Structure formats: structure tokens, C-alpha cells
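Here is a model to look at.

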Amino acid sequence: MPRYDFRCRSCGATFELSRPMAQANDPAVCPQGHQDTVKLLSTVAVTGAAAGGAPQQAPGGGGGGCCGGGCCG
């Protein structure tokens with residue numbers, strides 16, 4: 001089940017809730033009982049590593065220009 005981070009606007013507490021994705025944007029009550037909370041944006045790490053952990057390389061070739069053939073100065 002996904003976890004979502006929230007911050008209470010009343011007391012400043014940051015807390016985490018586990019809930020189904022269908023309830024991701026439902027209101028949350030802070031641990032102190034305050035109703036005025038906001039969902040924080042989560043950061044997701046995206047890497048270019050392949051399944052084996054080695055970085056993926058872009059395919060080689062091409063000479064630049066608009067078509068990649070090197071004919072366009």
C-alpha cells in the first residue's frame with residue numbers, strides 16, 4: 001500500500017499515512033487532531049541503470065544536424 005506524506009498547517013507536524021491510491025487525495029487528520037493538512041509531493045528516484053545495475057548507454061552514431069547524418073552543416 002502506498003505511503004503519503006502530509007503536513008499540518010496548524011501545528012507544522014509532518015506525518016505519513018498508508019492508504020490505497022484511490023484515497024490518495026482524501027483529507028487527512030494530523031496526529032494532534034488538526035484538520036488543516038496538505039499532502040506533500042513525493043520525490044521519486046529515476047536512474048538509467050539496467051537490471052544488472054550498470055548504467056545504460058545511449059546508442060552511438062549520428063553526426064548531428066537536423067537529420068543526424070552530418071549533411072546539414
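**Cysteines and strands**

Q: Why is Cys-11 called partly exposed?
A: Cys-11 has a relative accessible area of 38%. Buried means under 20%, exposed over 50%, and partly exposed in between (1.4 Å probe, protein chains only). So Cys-11 counts as partly exposed.

Q: What kind of model is this, and how are values taken?
A: This is a predicted model: local features need pLDDT of at least 70, side-chain atom pairs count only at pLDDT 80 or more, and totals for chains, interfaces and linings use all residues. Residues are numbered from 1 along each chain as its sequence is written, and side-chain values use heavy atoms, leaving out hydrogens and water.

Q: What about Cys-30?
A: For Cys-30, the nearest cysteine sulfur belongs to Cys-8, at 3.7 Å. Cys-30 is in no disulfide. The count by this rule is zero.

Q: Why is Cys-30 called buried?
A: Its relative accessible area is 3%, so Cys-30 is buried.

Q: What makes E1 and E2 a pair?
A: Strands are DSSP runs (E, at least two residues), numbered from the N terminus. Two of them pair if DSSP finds at least two bridges between them. Five bridges join E1 (residues 3-8) to E2, and the two run antiparallel. In one of these bridges, Asp-5 partners Glu-16 of E2.

Q: What is the strand order of the open sheet?
A: The three strands are ordered E2-E1-E3, with antiparallel pairing. E2 (14-18) and E3 (37-39) are the edge strands, as each pairs on one side only.

Technical notes. Helices (H or I, at least four residues) and strands (E, at least two) are DSSP runs, numbered from the N terminus. A disulfide is a pair of cysteine sulfur atoms within 2.5 Å.
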